[in-house]
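Please look through the structure shown here. The report that follows takes up charged pairs, strands, aromatic rings and the surface in turn.

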Amino acid sequence: MAHQWRGVVAEYADRLPAHLLERTVTLGEGGTPLVPAPVLSERTGADVYLKVEGMNPTGSFKDRGMTAAMSAAAGRGAKVVVCASTGNTSASAAAYATRAGMICAVLVPDGKIAMGKLSQAIAHGARLLQVDGNFDDCLVAARKLAESYPVELVNSVNPDRIEGQKTGAFEIVDALGDAPDIHVLPVGNAGNITAYWKGFREYAGLCPDAPGGSLPAVATRTPAMWGFQAAGAAPIVLGHPVTEPETVATAIRIGNPASWRQAEEARDDSGGVIESVTDDQILAAHRVLSAEAGVFVEPGSAAGVAGLLSRAERGLVPAGARVTVTVTGHGLKDPQWALRTLDGADVEPTRVSADVVSIADALDLS
Ligand code: F0G
């Protein structure tokens, strides 16, 4: 029988904190494909791969962190968890809480999360509260709730979330045989860039005090970390919080990231960059991914590719560099963007009668 992937906590048990193993809550997350992207290699002159995180159980990379946070919470006997979310964290928390038999409260910005994500949280039975405020307001409230009530916070300020998410970097190194030259990803609350940098460093043997720090190094080097924020929600790029963040990429519509300092550290220690991309660049990259690379992602996930293409246009991608890009969430989360042209017009399906000649005509086959 083929090997059944057991989820990231079991697969990487020797490099994760032991307390995650007491009562592991898993839906089989991780083990996602690293897909070569010849179209992007051609456009950039580099050797580009996509880490397709939409293939996780709830359709985003959040499941890696959630299995860890929820296992820790279950091990402590927690009954209720809470998170603030732009959508994906809430979908993931809701699913894993259900699996663990816990109640899950989620705080989301009213009207600003994609329908797919909203329906996931509801389908999994979360106590969903739409808050009159943005993500940053929701996170402040969630933190206060967890301080004052018997509720565990499962946002990425919870260190177990970072532990789980660092396995994305492990899988990339395992697949390629070493670290890439450059790793690219979108930045919102900045947990994932923090986690990937931690994972790459640990696998290169640079963190002797980490769990499994005495194991032999798997990688000989670490990549430059390239993070991209949406231009209307780019506090790290601007150097100050953004009080009213705005972008079509609702997943990363965040004005005051919790892991701001760690993201700057990842950028600086790795010799990387954090830049911004416009909504037009994001939607163009979203279309390149779906129509040319065959990979359907949500707009926020396209920000990394948008940034990579933008740097390539400016001659800033070294020829032949091995580049990995985390595409963070599935296109079905927020499908409306596929039904619009890049000029903003609605895509109208062609209607035909059910005879073969009309169909062949409509397909320009005759
Ligand atoms: N891509 C997607 C699809 C996301 O949902 C998020 C964050 C990010 C990228 C950015 O990752 O926050 O670690 O820098 N979504 C969070 C949420 C904020 O609530 O689902 P980050």
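## Asp47 and its salt bridge

In this predicted model, Asp47 counts as partly exposed, at 28% relative accessibility. The partner of Asp47 is Arg322: their side chains meet in a salt bridge, 3.7 Å from N to O.

The structure holds 20 salt bridges. One of them joins the side chains of Glu53 and Arg64, with 2.6 Å from N to O. Glu53 lies in the loop between β2 and α3 (62-75), while Arg64 lies in helix α3, so this pair ties together parts that are 11 residues apart in sequence. Glu53 counts as buried because its relative accessibility is 0%, under the 20% cut-off. Arg64, with a relative accessible area of 1%, is buried too.

Glu275 and Arg311 form another salt bridge through their side chains, again with 2.6 Å from N to O. Glu275 is part of strand β9 (residues 273-277) and Arg311 is part of helix α13 (residues 299-313), so the contact ties together parts that are 36 residues apart in sequence. Both Glu275 and Arg311 are buried. Salt bridges with shared partners also join Lys51, Glu53, Arg64 and Glu171 into one network. Arg311 has a further contact: its charged end sits over the ring of Trp226, 4.3 Å from the ring centre.

## Strand β2 and its neighbours

Strand β2 covers residues 47-52 and is mostly covered, with 5 of its 6 residues buried. Strand β1 (residues 34-36) pairs with β2 in the antiparallel sense over 3 bridges. In this pairing, Pro36 stands opposite Tyr49 of β2.

β2 also pairs with strand β10 (residues 322-327), in the parallel sense and over 6 bridges. Val52 stands opposite Val327 in β10.

## The open parallel sheet

Another group of 4 strands forms an open sheet in the order β5-β4-β3-β6, with parallel pairing. Its edge strands are β5 (127-131) and β6 (152-153), each of which pairs on one side only.

Within this sheet, strand β3 (residues 80-84) and strand β4 (residues 103-109) pair in the parallel sense over 5 bridges. Val80 has Ile103 as its bridge partner in β4, and Val81 has Cys104. β4 is mostly covered: 6 of its 7 residues are buried. In a regular strand, side chains alternate between the two faces of the sheet.

## Aromatic pairs

The count of aromatic pairs comes to 4. In one of them, the rings of Phe170 and Tyr203 have centres 4.2 Å apart and planes at 20°, so this pair is stacked. Phe170 lies in helix α8 (residues 167-176) and Tyr203 in helix α9 (residues 191-203), so the pair ties together parts that are 33 residues apart in sequence. Phe170 and Tyr203 are both buried.

A tilted pair is made by Tyr196 and Phe200, because their ring centres are 6.1 Å apart and their planes stand at 45°. Tyr196 and Phe200 are 4 residues apart in helix α9, which means that about one helical turn separates them. Both Tyr196 and Phe200 are buried. Ring pairs also link Trp5, Tyr12, Phe170 and Tyr203 into a cluster.

## Surface positions

Val352, Ile359, Leu363 and Leu365 make a nonpolar surface patch of about 380 Å². Leu363 is placed in the segment after α14 (356-362). Leu363 counts as exposed because its relative accessible area is 53%, over the 50% cut-off.

Arg6 is found in the segment before α1 (8-11). With 46% relative accessibility, Arg6 counts as partly exposed. Arg6 and Glu29 are 23 residues apart in sequence, and their C-alpha atoms are 7.9 Å apart in space.

Methods. Residues are numbered from 1 along each chain as its sequence is written. This is a predicted model: local features need pLDDT of at least 70, side-chain atom pairs count only at pLDDT 80 or more; totals for chains, interfaces and linings use all residues. Side-chain values use heavy atoms; hydrogens and water are left out. Patches are made of residues with over 30% relative accessible area and no salt bridge: like charges are joined within 9 Å, nonpolar side chains (Val, Leu, Ile, Met, Phe, Trp, Tyr) within 5 Å. Accessible areas come from the Shrake-Rupley method with a 1.4 Å probe; for residues, only the protein chains shown count as cover. A salt bridge is a side-chain nitrogen of Lys or Arg within 4 Å of a carboxyl oxygen of Asp or Glu. Helices (H or I, at least four residues) and strands (E, at least two) are DSSP runs, numbered from the N terminus. Buried means under 20% relative accessible area, exposed over 50%, partly exposed in between (1.4 Å probe, protein chains only). Two strands pair if DSSP finds at least two bridges between them. Rings of Phe, Tyr and Trp (its six-membered ring) pair if their centres lie within 6.5 Å; planes under 30 degrees apart count as stacked, over 60 as edge-to-face and the rest as tilted. A charge sits over a ring if NZ of Lys or CZ of Arg is within 6 Å of the ring centre and within 35 degrees of the ring normal.
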